[in-house]
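The tour goes through one chain and then another.

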Amino acid sequence: MKLSPSALKTIHNYLNLPFVGVSGVRCPYFNNARLRQRGQLKVLVGKGTPEEIVEEAKIISIQYRANVFDKNGVFNAHVEHPAEHEQAECIRQFLVDNNLGVDCSGFITNVLQKHFYETKQIDLARKLFITPKKNFLRWIISRLRPVEQINVKVYADNKNTEVINNLKALQPGDLIVILKTGPNKNHDHILLVEEIEGNIIKYVHARAWSSEGKYGHGIAHGTISIANPEKNLLEQVWEEKEKTNENNETYLEAKQGEILEIRRIKL
Amino acid sequence: MNIALIQQALGYVIFSAIGAFVWAPLLTKILYKYKITRREEFDFTLKGGDRSKKVGTPIMGGLLVIITVTVVTIFFNWNRENTYVPIGVMAIAALLGATDDLLNIFGKKRRERKISHILNLIRIHKKWYMRLWYIFILPWEAFRKSAAILGSHPGRGIQVHEKLLFQFLAGAVTAWWIYFKLGIQWHSLWIPFDGQPFVGWWIIPIVIFFVMFTANAVNFADGLDGLAGGSLIITFLGLMIMSWTEGRVSFTLLNATTVGALVAYTYFNVKPARFQMGDVGSLGLGALLAINAIAINRTMLIPFVGFIFYIEIISVIIQVFCRRLLGRRFFKMAPIHHHFEFRGWSEEKIVMRFWLIHAFFVIVAIWMSLYK
């Protein structure tokens with residue numbers, strides 16, 4: 001069982017941002033919580049699609065820095081015949097330095113939007129409940145800029161999703177929601193179930209591991225091997241970047257979270 | 001047709017152009033001497049690419065036009081009823097622009113204080129009179145912050161809210177002159193093909209709006225070599241013809257003087273520019289454009305005589321609106337000439353096409369102005 005082809009293509013595009021002539025540029029992680037930019041472009045607050053991130057990188061390159069891309073969007077290498085991974089790394093650094101990337105909920109919203117549009121012809125961002133009408137100003141903002149207003153708590157809201165307790169019932173498109181995690185219990189995280197292969201759950205998410213330093217973070221795949229479906233999620237085997245359980249920061253985040261749930265979007 | 005007047009006006013064009021050509025080298029020397037040039041460290045748009053070639057180009061070249069027009073008008077076309085206020089308003093706007101240009105080069109980075117910070121201070125400051133002070137300044141700070149939304153980045157120069165206040169002052173002086181000094185016939189607004197409905201005191205906000213809007217519009221168009229200069233020649237030529245057909249001697253000559261000075265300016269400003277207009281020129285000439293059109297009661301034709309400037313400012317408004325409200329870009333970059341630059345058009349192609357489009361709409365404006 002897999003996500004829809006357009007959703008998979010979006011994930012692929014996040015893993016290989018569509019820059020002209022350079023492949024393998026993985027989208028970095030960027031969360032607006034630190035800069036707290038308001039009224040800013042969607043792509044500059046960590047909610048952009050792969051295409052928007054590429055377009056903005058070219059604009060920033062021409063407007064502020066230049067010489068990373070030319071006017072046709074082709075990467076300008078500063079050394080002769082650089083290896084492709086070096087080019088990709090150079091572009092990734094440029095993206096990180098200019099606060100271009102995506103956060104966990106922004107990534108999942110953009111992927112699921114494609115998924116639901118292909119499978120049900122539904123615009124997910126407009127269907128999700130974000131804020132009540134009585135909070136009129138915020139409601140207007142949520143109608144004008146829905147993707148920017150969708151965070152992990154929106155996906156954890158019972159109005160939008162329902163809890164799945166049975167690991168065997170998991171489907172692609174389900175969400176693993178982690179609330180109040182981290183050392184200070186002040187952030188949330190979300191993973192998207194991309195594929196189920198037997199007793200292996202393949203997930204994808206936008207994350208920043210502390211061990212990856214300034215430039216290593218971004219969109220990543222991981223797996224959860226269901227050793228015993230009767231036990232809870234934390235008692236299964238989490239593997240990402242060839243690291244398992246306690247060495248796997250995603251697992252640690254899940255473990256630290258006050259709430260860890262599997263949820264399915266109700267539409 | 002008053003052939004003698006147009007003959008005299010063309011004489012002013014020639015005289016003013018020669019005068020400006022003569023002292024242009026001196027101005028360039030002064031600008032270089034005092035290092036009034038574009039510097040990369042103060043101007044983020046210059047980093048890299050083709051635009052990096054503009055580093056070191058003198059700014060405030062608009063002084064060539066402002067000073068030439070002022071001097072020629074004072075000595076040969078000074079008329080307390082007609083040219084006194086337009087030159088005064090142009091000077092106010094140019095002074096504002098000059099201050100901005102100089103602060104952008106020599107000023108210190110301005111401090112930014114967030115509204116939430118002030119609200120916090122109101123709540124927690126230990127001294128009651130300081131809390132009172134912060135309550136007192138809160139509306140001003142809110143105005144400052146809301147105006148900052150319109151600007152792209154707070155720099156060293158005059159901030160948006162201060163610019164708006166000064167431009168409002170320039171607009172208010174013009175409105176005072178139009179409403180109180182020029183007589184009752186100026187309380188009617190000429191509408192193309194529709195006569196002159198009486199608008200009474202409503203003329204005051206209309207005039208203020210057009211002066212402020214047009215000054216800023218020209219300011220936005222001053223982004224490519226030759227664009228603002230060439231377009232302004234066409235505009236003031238159009239205004240000269242319109243003033244001539246209306247039989248307004250002083251304004252025909254004032255517009256002619258401006259055309260002449262602009263010819264000299266644009267000669268030095270086409271790519272690669274010897275100097276650039278700067279805010280001193282763009283704000284001053286934008287205000288003069290508006291006031292000259294208002295003074296011949298062709299206010300409603302300003303969007304046509306200043307067509308390209310209005311397109312430029314509207315592109316910025318649309319971009320800011322889409323950016324702030326919808327979170328996306330409408331144009332790749334704004335003002336619109338940067339959008340075409342991003343699309344791969346050369347600077348020369350953009351400038352010349354904009355000149356042609358602008359010329360077409362100025363001709364439309366002249367055609368419309370002939371309908372009484």
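Which residue of E7(A) is the bridge partner of A:Glu240? Select A:Lys243, which is that partner. The model is predicted, with local features needing pLDDT of at least 70 and side-chain atom pairs pLDDT 80 or more, while totals for chains, interfaces and linings use all residues. Residues are numbered from 1 along each chain as its sequence is written, chains are lettered from A and ligands numbered from 1 in the order in which they are written.

Next, select strand E6 (residues 237-240) of chain A together with E7(A): two bridges join these antiparallel strands. Strands (E, at least two residues) and helices (H or I, at least four) are DSSP runs, numbered from the N terminus, and two strands pair if DSSP finds at least two bridges between them.

Now go to chain B and select helix H8 (residues 227-246) and helix H9 (residues 249-269), which pack at an angle of about 165° with axes 8 Å apart. Axes are lines fitted to C-alpha atoms, for helices over the stretch in contact, and angles run from 0 to 180 degrees between N-to-C directions. H8(B) and H9(B) are therefore roughly antiparallel (an angle over 145 degrees). Residues in the contact (C-beta atoms, placed from the backbone, within 7 Å) include B:Phe236 and B:Trp244 of H8(B) and B:Val259 and B:Tyr265 of H9(B).

Terms used: Parallel < 35°, antiparallel > 145°, perpendicular 65-115°, else oblique. Contact = placed C-beta atoms within 7 Å.
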